[in-house]
Amino acid sequence: MSPWSSELFKYPFHLIVRPYNGFWDLKYERSRRANLIVSFAVLILMVVTNVMSSQYSGFLVNLYNPQDMNSLMEIVYVAVPVLFWCVANWSLTTLMDGEGKFVEIFTSTCFALIPLIVINFPWIWLSNVISLQETSFYYFSNSFAALWSLYLLFVGNMTVHQFTPAKTIATMLLTVAAMGFMAFLCLLFLSLVQEIVAFVSTIYQEIVLRN
Amino acid sequence: MSNKLRHARIRLLAVLSMLLSVGAGGTLAYADGGSESYNYSFWGDTVPAPAAYEATVSIAGEGAGAGPFKDPSDLHVTPDGRIYVLDSGNNRIVVLNRQFKEVETIDAFDNGGSEDAFLNPQGLFVTEQGQILVADTGNKRVVHLDQNRKLVKIVDSPESELLQADFDFQPVRVVVDKAQRLYVMAVGVFDGFMEFNANGEFTTFIGANRVRVDPVELFWKRFSTRAQRSRMVMFTPTEFTNMDINEEGFIYATNGDAWGDTIKKLNAQGNDILRRTGYFSPRGEVRYTNEEGPSRLVDIDVADSEIYSVLDAKRGRIYTYNGDGHFMYVFGGLGNRLGEFNTPVAIERVRDDFLVLDKALGEITVFRTTEYGRTLNEAVRAYYRGDEEKAFELFQKTINMNANLEFAYAGIGKALLRQGDYAEAMKYFKRSMDQANYSKAFLLYRKEVLREYFPSIMTGIVVLLVVAFAWRKYRKAKGGKRNVSVEQRVV
């Protein structure tokens, strides 16, 4: 089957409503190439949704300061947490007898983000035609999308690693902790690099000014 | 004929050039707003604003013909424009007329046959009829004189089970309401203001400040012995720093806290009913450094239309808010130039002008409105009265001078909403970040649009349905067989 068939588009929607079958197929049945294509498409759409939502959402649900808005940072806000999550999850599950490979973890995570796009994207326009009293629907759908995504993340993790539910929950909590640890290490590393750069540049200046 | 035409043309030219020059003059006049004055945007950024007030003159005691003031601590202005200065160091009250010339000096009064005087008085209040109340701090009493400077009553050594036996009554500020009740701010009283009835008997305390407990202190207190605890800081409510009363009898008060609501509007029960619907809760400076700290408010003055101003002693600035808590303008500062102070202690508003009393210099500085300040004041008044037409016009003028004044857009939006121009009103509410009113305008706008297009939308849908239905019937009747064969092929 060609990866560009209509099945490529139907499958993600099938997955979000039938997550157990969907993630099983993702791991064992479907081509890795097609999964990766869809995953990256999901990430890009997620960025687009976030950027458009902060720019075009209705005034009643979106008080935003145009000076704080940076579309490039929106890419970072999506890509970095996903990457951190995947790395942390992979590092943990390799130690905890998880069966998932890194690619599988990555694709299952990306597929779990689909509800956040499918639900939030139409709301960018809908939020422009609602009143203050009707904004509760907006917030309800947002929370619903987030919970749905969390559920998909849970099922995806469980299927990919072939864990029991309890172990999956424990792994997910540990992953969040590991993400925090990684962020800390990254900051530490960055500041160390900064120190080294400053040190080298100071020495360079000293030598240059001596002559 | 052609002559006439030429005349008309020249006249038109003249009118046009006049209009142009007026416009140019206008921009010139507003351009020198200076960056001294500022306002806060919705996002908490400081944005420049044109000056609303300018210092015009400063008056010392000598200039008024009353001899120099010594540590004056309070002043009061009656509606007829008379200025009462409480010259504490000289134990007297100096009354000035509108031209800032002395007309009267009160340094003694007749107390039951013998002459009596003040001793280091700190607070002064003058009723609309010209009756004078003095918080005679050094003599531990409040003195009430009538308009002929005859003694009405003296309030001293209050007695009540609410007060401790060794209570030392040192009044520093006093106000009186329409029912002749006295409200006194006294030194060392943490329970709020002391309320006295018309006969001068103590009735109750109102409007105590809240206690704030420092968690670190509390933690250590838990682990200390009784003896240790008795030597630690006590958690007591803070004292008020000043008070004023408006024509409706609400007391406006400031306290010296560095946190929480430092400005309060107390009703008769002592509850705080100040509206804080502005972008920031009114408390003077919003953006400050850690070393500088928040504003220390030492005086408050409430004018008509619920407009009130507070004086920040730390920065020497006067902040003015409208009844909804929107920040209108700021002026003043510490320094040596005209319009700057050394130790400002009291402010008073005379119609649209401000008087600021400086204790160390013994001077009163007079501030008068600029074009911008006048327009904004009038706009806020018109809005308060509910005169939306007028408010609309004046707010338009205001934002022409200061496009950064975000709350003015809501005033315009309200007028537009009333006029039925919902789409335009939405735009203005959006500019003032007013979601509640935006939603109101939007609902009306949506209703209007739907009412206009509902018939055509519904007609469109019905027509589409009919066409689709007919098309399917037609397909079934004519190409039914082919359809089936296509389906079979797919399967």
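Trainee: Which residues do ring pairs link into a cluster?

Mentor: B:Tyr38, B:Tyr40, B:Tyr252, B:Phe280, B:Tyr308, B:Tyr319, B:Tyr321 and B:Phe327. The model is predicted: local features need pLDDT of at least 70, side-chain atom pairs count only at pLDDT 80 or more, and totals for chains, interfaces and linings use all residues. Residues are numbered from 1 along each chain as written, chains are lettered from A and ligands numbered from 1 in written order, and side-chain values use heavy atoms, without hydrogens or water.

Trainee: Why is the pair of A:Phe59 and B:Tyr438 called edge-to-face?

Mentor: Rings of Phe, Tyr and Trp (its six-membered ring) pair with centres within 6.5 Å; planes under 30 degrees apart are stacked, over 60 edge-to-face, the rest tilted. Here the centres are 4.8 Å apart and the planes stand at 70°, so the pair is edge-to-face.

Trainee: How do you know that this pair joins two chains?

Mentor: A:Phe59 lies in the loop between helix H3 (32–56) and helix H4 (71–95) of chain A, and B:Tyr438 in helix H9 (residues 435–490) of chain B, so two chains are joined. Helices here are DSSP runs (H or I, at least four residues), numbered from the N terminus.

Trainee: Is A:Phe59 buried or exposed?

Mentor: Buried, at 6% relative accessibility. Buried is under 20% relative accessible area, exposed over 50%, partly exposed in between (1.4 Å probe, protein chains only). B:Tyr438 is at 9%, so that residue is buried too.

Trainee: What makes B:Phe219 and B:Trp220 an edge-to-face pair?

Mentor: Their ring centres lie 5.3 Å apart and their planes are at 75°, so they are edge-to-face. B:Phe219 has a relative accessible area of 46%, so it counts as partly exposed.

Trainee: How do you know that A:Arg30 lies over the face of A:Tyr11?

Mentor: The test asks for NZ of Lys or CZ of Arg within 6 Å of the ring centre and within 35 degrees of the ring normal. A:Arg30 lies over the face of A:Tyr11, at 3.8 Å from the ring centre. B:Lys265 lies over the face of B:Phe250, at 4.8 Å from the ring centre.

Trainee: Why is the second largest pocket said to lie between domain 1 and domain 2 of chain B?

Mentor: Domain 1 (32–370) and domain 2 (371–459) both give residues to its lining, so the pocket lies between them. Those bounds come from an automatic or database assignment.
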